[in-house]
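Colleague: Could you help me learn how to read this structure, one feature at a time?

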Amino acid sequence: MAKKVCVIGLGYIGLPTASLLAIKGFQVHGADVNRHAVDLINQGEVHIYEPDLDIMVKAAVQSGQLHVSCEPVEADIFVLAVPTPFQDDQRPDLSYVHQATMSIAPLVKPGNLIILESTSPVGTTEKITRWIVESRPELNVSESLHSICSRIYVAHCPERVMPGQILRELVENDRIIGGIDRPSTEKAVEFYRQFVSGNLLETNARTAEMAKLTENSFRDVNIAFANELSLICDHLDINVWELIRLANHHPRVHILQPGPGVGGHCIAVDPWFLVDAAPEQTKLIHTARAVNDYKPGYVVERVAEKAARFKEPIIACLGLTFKANIDDLRESPSVKIVEHLTRRQVGKLNIAEPHIQELPGTLQLEHVSLMPTDEAIKKSDIVLLLVNHDVFHAIDRNLLKEKIVIDTRGILN
Ligand code: SAJ
């Protein structure tokens with residue numbers, strides 16, 4: 001009989017994972033506290049944009065293998081895919097993980113496997129195990145023979161998919177799998193082998209947690225290097241895009257791209273988990289965060305300088321999402337920049353963001369309007385390019401003649 005999987009959290013990771021599992025023949029129940037999302041999914045629709053996700057969810061729901069509701073149900077395998085944001089003081093917020101764990105605790109049976117996919121501070125998988133065993137003292141994780149009938153299995157398998165290519169990467173990426181003990185790792189590997197074509201790399205839970213934080217911190221540090229170069233180049237009047245192109249011809253140099261800052265729910269967040277866990281040891285990682293977080297304010301200053309030349313400046317802000325070709329505004333540096341420009345009353349703002357239908361609440365203001373790209377450009381004095389969406393690469397360059405252009409993504413280079 002098909003194994004029953006319960007996926008908690010139906011966001012960018014949970015929903016594609018639940019649908020994929022359903023299509024692969026698992027009997028899947030998805031749970032999410034967001035009633036609107038649950039209702040949509042049950043109708044075969046989606047509440048988030050990811051290429052082809054709608055088709056996969058529809059197929060999964062229509063096959064009868066995927067059901068969703070606001071409550072988890074009993075299963076053989078539980079997958080936790082809930083957010084792990086940080087609090088105002090940059091310390092990890094494990095409240096969603098705790099809530100999700102406590103929601104499944106009454107349902108867990110001996111022999112069940114619980115997998116944490118959420119990016120988490122080191123030690124979280126052990127914490128989950130403790131929370132479950134404390135609330136269900138008849139369960140254990142002991143390897144001794146006489147407790148084998150009451151034991152559960154717990155592992156961390158961090159998600160590593162890239163928004164925009166989630167469906168392919170969910171299957172093809174290599175996965176790091178770390179159990180709280182050897183039997184947990186083996187059980188989790190057996191599960192992932194059924195739907196992942198990439199390599200399954202075995203380790204322990206703490207190393208798996210650290211590996212994910214390491215990957216995203218690596219990228220953050222490297223983007224910070226590119227962002228720092230952009231500041232130096234502005235200062236020395238050098239074209240940073242040309243500079244990076246040239247330097248990257250060296251066989252061992254691979255510099256990333258500067259931008260208006262680093263956004264998203266991962267790279268701008270996860271390094272803080274390392275800083276929080278080892279403040280004395282994370283000087284480079286901490287500084288990289290500071291460099292990347294400095295960038296939005298720097299862009300605002302550049303815009304304000306140019307805007308000062310006009311009596312009633314009108315600024316076209318092209319792109320609000322945290323990166324190209326997605327609809328996700330979480331931790332977006334572009335949103336921060338636009339919010340900052342409104343607070344400073346730098347001018348009238350014409351926003352073009354082809355991936356959203358309406359402006360976020362903080363930007364629903366009198367001097368801010370959402371409009372098509374060409375119109376936004378035509379009606380403005382200054383054009384601020386914030387996201388390298390494919391559609392912006394196709395902008396008619398004639399529209400930009402006579403405009404002051406601030407290109408934070410190197411789209412025009
Ligand atoms: N960015 C730059 N310059 C670059 C690359 C990115 O400024 O050269 C900016 C982007 O514009 C964006 C931010 O960095 O604002 C993050 O974008 P991203 O494409 O680097 O990463 P995410 O957040 O979409 O996804 C990352 C991925 N991690 C790594 O590449 C190590 C993904 O594989 C993870 O699964 C994901 O984080 C996650 O969920 O943790």
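Predicted model: local features only at pLDDT ≥ 70, side-chain atom pairs only at ≥ 80, totals over all residues.

Modeller: Residues are numbered from 1 along each chain as its sequence is written, and side-chain values use heavy atoms, with hydrogens and water left out.

Colleague: What area do domain 1 and domain 2 bury between them?

Modeller: Buried area is the accessible area (1.4 Å probe) that two parts lose on being put together, summed over both. Here the domains bury about 1500 Å², with 65% of it on carbon and sulfur atoms. On the domain 1 side, Tyr12, Phe86 and Leu213 supply 35% of the area buried against domain 2, more than any other three residues.

Colleague: What about charges?

Modeller: Side chains of opposite charge can pair when their charged atoms come close. A salt bridge is a side-chain nitrogen of Lys or Arg within 4 Å of a carboxyl oxygen of Asp or Glu. This rule gives 18 salt bridges, and the count between domain 1 and domain 2 is one. Arg91 forms a salt bridge with Asp276, with 2.8 Å between the closest N and O atoms. Another salt bridge joins Arg175 and Glu117 (3.2 Å, N to O).

Colleague: And how do I read a sheet?

Modeller: Helices (H or I, at least four residues) and strands (E, at least two) are DSSP runs, numbered from the N terminus. Two strands pair if DSSP finds at least two bridges between them. In this model, five strands form an open sheet with parallel pairing, in the order β11-β10-β9-β12-β13.

Colleague: Why is one side of β11 and of β13 left without a neighbour in the sheet?

Modeller: Because β11 (368-370) and β13 (404-407) stand at the edges, each has a single partner strand. Strand β10 (residues 348-352) runs parallel to β11, joined by three bridges, and Leu349 stands opposite Val368 in β11.
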